[in-house]
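Dear colleague,

I am handing over the structure below, followed by an account of what was found in it. Please read the remarks on confidence together with the rest.

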Amino acid sequence: MRNGRSKSDDGILKSAGTWINIATILIGIGINCQGQPGDFPPEVRDILVTLAQAAPQPVDNERVLQAVLGELERLLARLSAGQRQALLEEWQALAPLRGARVRVPTPQGPVLATIEGLTPEGFLSAREDTGQRRTVVSSDLEWLSGSDSV
């Protein structure tokens, strides 16, 4: 890391003075398998849910991991087979995003926006209250209720 940024540039990593091509994607997925509301800090107790809370039987972390990896493998096979658009459409149908109100942090300060869907590349597309369309590549969005403001 250098100045809070990694030494990577468009899929190429400089390591030990040598440039190498990277053919790997790092995906971060967080799944709260265990725990009850009292186990978590007060500020997240009302929004955090674990599988243990929702499941009618005990949760086996290893089985959850196997299921997630199996599904990722299936989805990657579909992506490799050229089914990107179908996957995006399925994801949008399952995720209730369209019309959701969000606060998007920007270098100029937070802006309010309404989610419109996904771009063909799979990024989030939102319309700011000013009317400007914003593509959100990476951000910590804040999901708002109807009365929140900047």
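Helices (H or I, at least four residues) and strands (E, at least two) are taken here as DSSP runs, numbered from the N terminus. In those terms, Thr119 sits in the loop between β5 (111-118) and β6 (124-128).

The model is predicted, so that local features need a pLDDT of at least 70 and side-chain atom pairs count only at pLDDT 80 or more, while totals for chains, interfaces and linings use all residues. Residues are numbered from 1 along each chain as its sequence is written, and side-chain values use heavy atoms, with hydrogens and water left out.

On confidence, pLDDT is the predictor's confidence in each residue, from 0 to 100; the protein averages 80, and 79% of the residues score at least 70. Over residues 1-18 the pLDDT is below 50, although this stretch has 18 contacts in the model beyond near neighbours in sequence, a contact being heavy atoms within 4.5 Å. Where pLDDT is low, the predicted coordinates should not be read in detail.

To return to Thr119, this residue counts as buried because its relative accessibility is 11% (buried means under 20% relative accessible area, exposed over 50%, and partly exposed in between, with a 1.4 Å probe and protein chains only). Not counting residues up to four places away in sequence, Thr119 touches Leu88, Ser125 and Thr135; the C-alpha atoms of Thr119 and Leu88 are separated by 8.8 Å, and the two residues are 31 residues apart along the chain. Ser125, which is found in strand β6, is buried as well, at 9% relative accessibility, and its contacts outside four places in sequence include Thr114, Gly117, Arg133 and Arg134.

A further buried threonine is Thr50, at 1% relative accessibility, which lies in the loop between α1 (42-45) and α2 (51-54). With residues up to four places away in sequence set aside, Thr50 touches Asn32, Cys33, Gln34, Gly35 and Phe40.

Finally, the helix pair: the axes of α3 (residues 61-80) and α4 (residues 84-94) come within 7 Å and cross at roughly 135 degrees. Axes are lines fitted to C-alpha atoms, for helices over the stretch in contact, and angles run from 0 to 180 degrees between N-to-C directions. Leu75, Arg78 and Leu79 in α3 meet Arg84, Ala86, Leu87 and Glu90 in α4.

Best regards
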